Structure formats: structure tokens, C-alpha cells
Amino acid sequence: AEVLSIQDTGATVNMNPVVMLTLDVKPAAGEAFQTSGQVMVSRLSVPRVGETVNIKFNPKDKSQFTIV
């Protein structure tokens, strides 16, 4: 998934930031879509706009995803 935007929520979990990501997802099977959601990211490798990240998402609620 390509990172379209990232915003800091101000929250942290175990010293890792929780961010709001907007992603352009192109799954191997199915149609491409955009989604947004909050996710905890490593403080050492915060994604940047334009980068590609691997995610897993809930097909029934595509706003539920995690970076893998």
C-alpha cells in the first residue's frame, strides 16, 4: 500500500507513536481502494508519504488494517 498521508495523533503505545494513515491499497486479488485508520508504528521506522508498506486488512471493514 502506498502512503498518501500521515498525521501524528499525539498518542503513544510503549513509546511508539500512533498515527493516522491514509493509504492507496492495491491488493493481489480484488479492486484497488483507499483507506484511512489509526495504527501504531515503530518509532524507528515511521512511514513517509510516497513509501510503500505491506499491510493486512479486514476485507469486511477495510479501515481495519495493520502494517506487517
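Asn14 is found in the loop between strand E1 (2-13) and strand E2. In this predicted model, Asn14 has a positive phi of about 50° although it is not a glycine. Met15 has its place in the loop between E1 and E2 as well, and its phi, near 70°, is again a positive value in a residue other than glycine. Asn14 counts as exposed at 71% relative accessibility, and Met15 counts as exposed at 61%.

Another loop lies between E2 and E3, and Ala28 is in it. Ala28 is exposed, with a relative accessible area of 92%. From Ala28 to Ser63 the distance is 18 Å, C-alpha to C-alpha, and the two are 35 residues apart in sequence.

The largest nonpolar core has 12 residues, among them Val19, Leu21, Leu23, Val25, Phe33 and Phe65. Strand E2 (16-25) and E3 are the elements that give two or more residues to this core. Which element gives the largest share of this core? That share, 4 residues, comes from E2.

Leu23 is one of the residues of the core. Not counting residues up to four places away in sequence, Leu23 touches Ala1, Glu2, Val3, Leu4, Phe33, Gln34, Thr35, Val53, Ile55 and Phe65. Thr22 has its place in strand E2. Leaving aside neighbours within four places in sequence, Thr22 is in contact with Glu2, Val3, Leu4, Ser5, Thr35 and Ser36. With the side chain of Ser36, the side chain of Thr22 makes a polar contact at 3.0 Å.

Phe33, a member of the core, also takes part in an aromatic pair. The structure holds 1 such pair. The rings of Phe33 and Phe57 have their centres 5.1 Å apart. Why is the pair edge-to-face? The planes of the two rings stand at 70°, and planes over 60 degrees apart count as edge-to-face. Phe33 lies in strand E3 (residues 33-40) and Phe57 in strand E4 (residues 55-58), so the pair ties together parts that are 24 residues apart in sequence.

| Residue | Relative accessibility | Class |
|---|---|---|
| Phe33 | 12% | buried |
| Phe57 | 27% | partly exposed |
| Asp24 | 18% | buried |
| Lys26 | 63% | exposed |

Is Asp24 buried or exposed? At 18% relative accessibility Asp24 counts as buried, because buried means under 20% relative accessible area.

Notes:
Residues are numbered from 1 along each chain as its sequence is written. This is a predicted model: local features need pLDDT of at least 70, side-chain atom pairs count only at pLDDT 80 or more; totals for chains, interfaces and linings use all residues. Side-chain values use heavy atoms; hydrogens and water are left out. Rings of Phe, Tyr and Trp (its six-membered ring) pair if their centres lie within 6.5 Å; planes under 30 degrees apart count as stacked, over 60 as edge-to-face and the rest as tilted. Buried means under 20% relative accessible area, exposed over 50%, partly exposed in between (1.4 Å probe, protein chains only). A nonpolar core is a set of buried Ala, Val, Leu, Ile, Met, Phe, Trp, Tyr and Cys residues joined through side-chain atoms within 4.5 Å. Contact means heavy atoms within 4.5 Å. A polar contact is a pair of N or O atoms within 3.5 Å; within protein, one must be able to donate a hydrogen and the other to accept it, and residues adjacent in sequence count only if both atoms are side-chain atoms.
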